[in-house]
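Morning, everyone. Please have the structure open while I talk. I'll go from whole chains down to single residues.

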Amino acid sequence: MTPFELAEPGTLAQAVSLLDAENARPLSGGTALMLMMKAGVLRPARLVSLRKLGLDGIRVDGELRIGAMTSLRELERSAQVKAGWPVITRALRTLSNVRVRNVATVGGALAHADPHMDLPPLLAALGAQVTIAGPRGERRLAVEALYAGYLENTLARDELITQVTIPSMGKTRAAYLKCTTRSADDWPAVGIAVAIDGDEVRVVLGAATDKPVRLAAAERLLKGRAADPKALDEAAEAAAEEASIEGDSHGSAAYKKQLVRVYLKRTVHEARRAIH
Amino acid sequence: MKRAGQSTETPQVGRSVPRLESWLKVTGRAEYVHNLRLPGMLYGKICRSTVAHGRIKRIDVAAAQAVGGVYRVVTGEDIRKLIPEPYYGPAFHDQPVLALEKVRYVGEPVAVVLAADPHVAEEAAHLVVAEYEELPAVYDEVEAVSSKAIVHDALKPAGTFPDLKHLKGKTNTNVALDFRLRRGDPDTAMGKAERVFEHRFRTQQVMHTPLEPLVSVAESTDSSITIHTASQSPSFVRIEIARLLGWPENRVRVRVPFLGGGFGAKLYIKLEALVSVLSLLTRKPVKISLTMEEQFFTITKHASTFRIKSAVTQDGRIVARECEVWWNGGAYADIGPRVTQKSGFTAPGPYDIDNVRIDSYALYTNLPPAGALRGFGIPQLVWAYESHTDMIARELGIDPIEFRRRNLLREGRPQATGTRMKDAALEKVLERVAALMNWNDAFDRGGGTLRRGRGIALGFKACIANTTSLAAVNVNADGSCTVYTSCVDMGQASDTAMAQIAAEVLRIPTEAVTVVHSDTDVTPFDMATLGSRSLFHSGNAVKLAAEDAIGKIDQLRQELHLPADAPIADVFKKKYGMRAGSVMGAGNFIPPYTPPDENGQTDNATPFWMVGATGVEVEVDTETGRVRLTRLVNVADVGAPINPRIVETQLSGAAIMQLGFSLFEKMQFDADGQLRNASFAEYKIPGFHDLPGEIVNEAVVAQQSTGPFGGKGVGETGTFGVSPAIANAIHDAVGVRLTSLPMNPEAVFNAISIKSGRE
């Protein structure tokens with residue numbers, strides 16, 4: 001690891017301006033960043049810590065508002081989240097391990113853009129939005145639109161996620177299932193989030209593709225027919241067909257397509273059974 | 001674990017004494033080389049080869065040397081100025097301290113950058129530029145036999161092992177040992193056989209992943225050198241460094257504190273020659289700490305191919321067996337030729353077979369070197385012969401346990417080498433695993449997409465021979481005792497076991513004994529801590545030393561007219577008139593051994609046999625191929641356990657390690673020999689969530705008549721049967737047979753798909 005400058009700004013404006021430099025990087029929990037720096041993949045000259053910006057905390061006012069610096073562990077242990085958005089609590093229990101969850105943050109988990117992460121597909125399926133601060137003020141963006149490709153988000157270099165807003169679940173039932181092909185705590189080969197809201201079904205695939213993607217063809221086939229086994233079979237085929245999947249160390253493309261078929265069906269079943 | 005009640009006759013041995021060092025470890029005070037910093041110390045960072053096989057055209061160190069804070073950049077040619085022939089290795093003197101003329105695998109050390117700041121050394125190491133003329137490379141162990149790509153121009157046996165002498169100077173070959181064993185008349189028996197079965201099995205290259213990566217520090221003067229190192233073989237390191245430098249052994253001091261795991265990765269020489277040379281070149285202390293990732297380029301476990309063929313009668317008697325095994329040793333032989341021979345002779349398995357042919361080949365390839373890894377080749381062999389055994393039994397319609405019973409190698413019967421089995425509780429172990437698996441009861445086979453199955457496997461291992469251990473025991477004037485041994489405690493709790501043995505002999509509490517860690521200036525020679533040999537060899541040496549000491553003390557009691565049970569402190573007080581003096585006992589243990597003849601035959605192949613069986617129950621998800629172990633049963637003959645609790649954790653720990661090798665661990669290379677997954681993000685080892693729902697461990701009631709208090713080694717035994725037991729259980733569940741490791745979900749799913757396509 002190369003030496004670097006560590007800046008700890010106390011205001012968002014300072015943070016944004018410190019980030020407007022060659023080779024500057026925001027530092028939230030640091031769980032991914034430090035590994036990439038140790039491996040020499042990233043060699044930042046300046047790290048801008050977001051710790052002193054007061055961006056942590058969970059608020060519920062119909063919607064769920066999560067400060068970007070809230071740790072995954074706080075989110076996991078929040079009684080309000082468990083009551084209103086239990087699918088998030090369930091997903092967090094198998095997200096990496098407790099050591100990582102104690103340190104990693106919600107904003108970092110969304111901005112990192114590693115497709116193998118659990119929160120992006122789940123929050124995209126729940127219709128979550130992020131609030132982004134930059135030199136020209138704030139903007140809002142759907143989590144679904146946050147990703148450009150493998151380890152690439154759509155944020156400018158001097159933009160920061162400050163908050164995540166998740167709409168009330170209402171009558172929506174949702175589930176997130178993932179499948180690992182090596183150890184149980186491996187990065188998933190496939191992660192699928194399904195949200196069923198009346199007739200509407202949202203399906204977001206993670207891990208198998210280079211960024212989380214909505215599976216539109218599968219969604220169309222499932223519309224109003226999530227309980228129909230024939231529709232489910234067709235949707236599983238469509239999902240495996242429409243997702244752009246390549247082989248990697250988790251498995252060949254053909255095998256991962258099989259996992260998409262199986263896990264699409266299992267996740268829809270799980271969502272239909274979800275209590276909410 | 002089930003255990004007998006504590007004996008009052010041996011109050012120290014057979015007791016689950018808590019590990020003596022546990023308090024030091026949990027409070028962060030145990031000594032590890034990792035924490036050692038010496039004044040003026042330089043840190044070395046290794047630059048590694050980027051090609052699998054090539055001639056070195058030039059190494060440009062100018063840019064690295066120019067980085068501020070870099071002390072010096074060293075290449076292989078610099079080392080030649082100090083040591084004209086800087087090649088080392090336990091079997092062959094084939095491995096250069098840093099690459100010379102050629103590189104033979106991706107990741108081979110080519111140069112070292114030295115700096116007082118490790119980050120500077122690391123940065124500068126990226127700037128070393130090496131150019132190669134690429135040569136054709138070979139990666140597969142079977143192809144290596146006939147490949148035109150030759151890894152070493154000429155073979156250079158170290159001279160230590162008689163069966164390698166005929167390879168000296170041999171050119172145009174990648175075969176680093178061709179071990180053969182012949183018994184009876186396998187050709188005739190095969191020709192006349194009622195049924196013949198032939199199968200081929202593969203294992204993959206994997207790594208030890210000790211939690212503490214390899215680390216060594218050297219400090220030197222003009223006439224002496226001290227090496228602080230995480231090594232399982234301090235005595236060997238001293239001999240080899242003295243040989244390389246042309247120095248007497250007493251000018252080389254090797255110190256080893258605790259190790260954070262070894263598993264065979266820290267044997268022979270790893271970083272020790274390099275840090276020694278760097279310290280002598282710079283006249284400063286030098287430390288090299290490998291990263292977890294670099295360990296993949298240092299030492300691994302052999303990938304292997306095993307062709308096995310059996311002639312069997314219709315009623316299930318094995319009459320002949322042919323074994324042909326190819327071991328992928330990578331670019332440097334390390335201890336591979338010993339794996340080839342020592343494991344090779346047990347390749348037919350623990351069965352009574354009159355006609356046997358074994359050919360076992362050590363191969364050089366252009367992959368990272370392979371050596372010893374918890375089992376010394378045995379898990380690769382048991383994988384093949386116990387899968388094969390189950391396949392034959394099912395084909396003949398005989399229950400797999402009954403088939404093994406009919407062919408089992410019984411006490412007193414000759415094994416393939418001709419050595420008669422002694423103190424090998426094969427029968428008991430097989431029957432206990434059957435009983436603990438409730439083999440004769442009805443079994444829930446699952447349904448729908450979740451199918452259940454069960455399987456067992458039985459393996460055995462000969463302990464390495466011919467090896468020596470020495471020990472000394474010093475009884476102090478207050479009756480406390482210090483044990484001096486070069487046995488290394490790498491987490492297996494040998495300190496505690498050695499203390500228990502000494503305490504038992506001296507009739508004092510184990511807690512009154514301390515164990516001095518390996519320091520070749522202080523502790524006597526010990527071959528190495530490997531192959532489950534130490535409890536038996538070092539344990540016997542400690543026992544002899546303690547007996548020597550207690551004999552002297554008993555004699556003093558007589559001379560001083562003290563009663564036979566007078567406290568030791570009273571003996572010294574009466575002799576010296578005050579608290580003074582000590583009594584030193586010495587122990588030298590070397591068990592008998594007969595080297596094999598040209599057909600691999602010997603009347604004494606091993607000091608003792610290890611026996612281990614595994615039973616598993618699995619659930620197979622037929623839609624994804626995912627296999628989950630719901631139950632794991634480990635049964636072993638460890639003789640009489642010295643410390644039952646530690647025996648239990650050794651059995652379960654070994655089995656869990658082998659579980660990773662069975663189900664998902666694999667070093668993945670591309671077509672150019674580049675390792676694709678040299679990190680813990682991409683090379684996964686078992687975690688808590690991979691543990692079977694239930695684990696049962698049992699040591700059968702047994703005695704090793706020649707062992708210390710009836711005990712023998714246990715470190716590897718839990719690995720033997722795990723892989724084939726899982727394969728047999730998968731077959732039982734879904735009717736598909738896997739013959740290649742790892743049995744990852746995709747492999748299982750593909751096998752299920754092929755089968756359902758056929759049906």
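In chain B, take the contacts with a separation of 6 or more: residues 24 or more positions apart account for 80% of them. Keep in mind that this is a predicted model. Chain B has 759 residues, and buried residues make up 59% of them. Its secondary structure has 18 helices and 28 strands. How compact is chain B? The radius of gyration is 26 Å, close to the 27 Å from the globule rule for 759 residues, so chain B is as compact as a globular protein of that length. Its C-alpha trace spans about 80 × 75 × 50 Å along the principal axes.

Now chain A. Here we have 11 helices and 14 strands. The radius of gyration of chain A is 19 Å, close to the 19 Å that the globule rule gives for 276 residues, so chain A too is as compact as a globular protein of its length. Along the principal axes, the C-alpha trace of chain A spans about 60 × 45 × 35 Å. Of its 276 residues, 47% count as buried. Look at contacts in chain A between residues at least 6 apart in sequence: 61% join residues at least 24 apart.

Next, where the chains touch. On the chain A side, 17 residues are in contact with 19 residues of chain B. Which helix gives the largest share of the chain A side? That is helix H11 of chain A, residues 253-273, with 4 residues. By type, the chain A side divides into 7 nonpolar, 7 polar and 3 charged residues.

Let's zoom in on a helix pair. Two packed helices are described by the angle between their axes and the distance between the axes. Take helix H10 of chain B, residues 378-396, and helix H11 of chain B, residues 400-407. Their axes come within 9 Å and cross at roughly 110°. H10(B) and H11(B) are therefore roughly perpendicular to each other. Which residues of H10(B) and H11(B) meet? From H10(B) come Thr389(B), Asp390(B), Ile392(B), Ala393(B) and Arg394(B). From H11(B) come Pro400(B), Phe403(B) and Arg404(B). Sorted by type, the residues of this contact are 4 nonpolar, 1 polar and 3 charged.

On to a sheet. Strands of a sheet pair through backbone hydrogen bonds, either parallel or antiparallel. In chain B there is an open sheet of 3 strands, ordered E6-E2-E8, and the pairing is antiparallel. Which strands sit at the edges? They are E6, 102-103, and E8, 129-134, each pairing on one side only. Strand E2 of chain B, residues 54-60, is joined to E6(B) by 2 bridges. To find one end-to-end example, click on Arg55(B): its bridge partner in E6(B) is Lys102(B).

Now some backbone details. Most residues other than glycine have a negative phi, and most peptide bonds are trans. Here are two cis bonds. One joins Ala465(B) and Asn466(B), with omega about 10°. Asn466(B) sits in the loop between strands E21 (450-462) and E22 (469-476) of chain B. Another runs from Leu741(B) to Pro742(B), with omega near 0°. Pro742(B) is in the loop between helices H17 (722-734) and H18 (745-758) of chain B.

Then positive phi values. Ala113(A) has phi near 65°, and this residue is not a glycine. You'll find Ala113(A) in the loop between helices H7 (106-111) and H8 (119-125) of chain A. Is Ala113(A) buried or exposed? It is buried: 22 other C-beta atoms lie within 10 Å, and the cut-off for buried is 20 or more. Ser532(B) also has a positive phi, near 55°. Ser532(B) lies in the loop between strand E24 (513-516) and helix H14 (534-559) of chain B. With 26 other C-beta atoms within 10 Å, Ser532(B) is buried.

One last residue. Arg243(B) lies in helix H7 of chain B, residues 234-245. Arg243(B) has 15 other C-beta atoms within 10 Å, so it counts as partly exposed. How far apart are the C-alpha atoms of Arg243(B) and Ala154(B)? They are separated by 21 Å, and the two residues are 89 apart along the chain.

Methods
Residues numbered from 1 in each chain as written. Chains lettered and ligands numbered in written order. Predicted model: local features only at pLDDT ≥ 70, side-chain atom pairs only at ≥ 80, totals over all residues. Contact = placed C-beta atoms within 7 Å. Nonpolar A, V, L, I, M, F, W, Y, C, P; charged D, E, K, R; others polar. Axes fitted to C-alpha atoms, helices over the stretch in contact; angles between N-to-C directions. Parallel < 35°, antiparallel > 145°, perpendicular 65-115°, else oblique. Buried ≥ 20, exposed ≤ 12 C-beta atoms within 10 Å, placed from the backbone. Pairing = 2+ DSSP bridges. Rg over C-alpha atoms; globule rule 2.2 N^0.38 Å.
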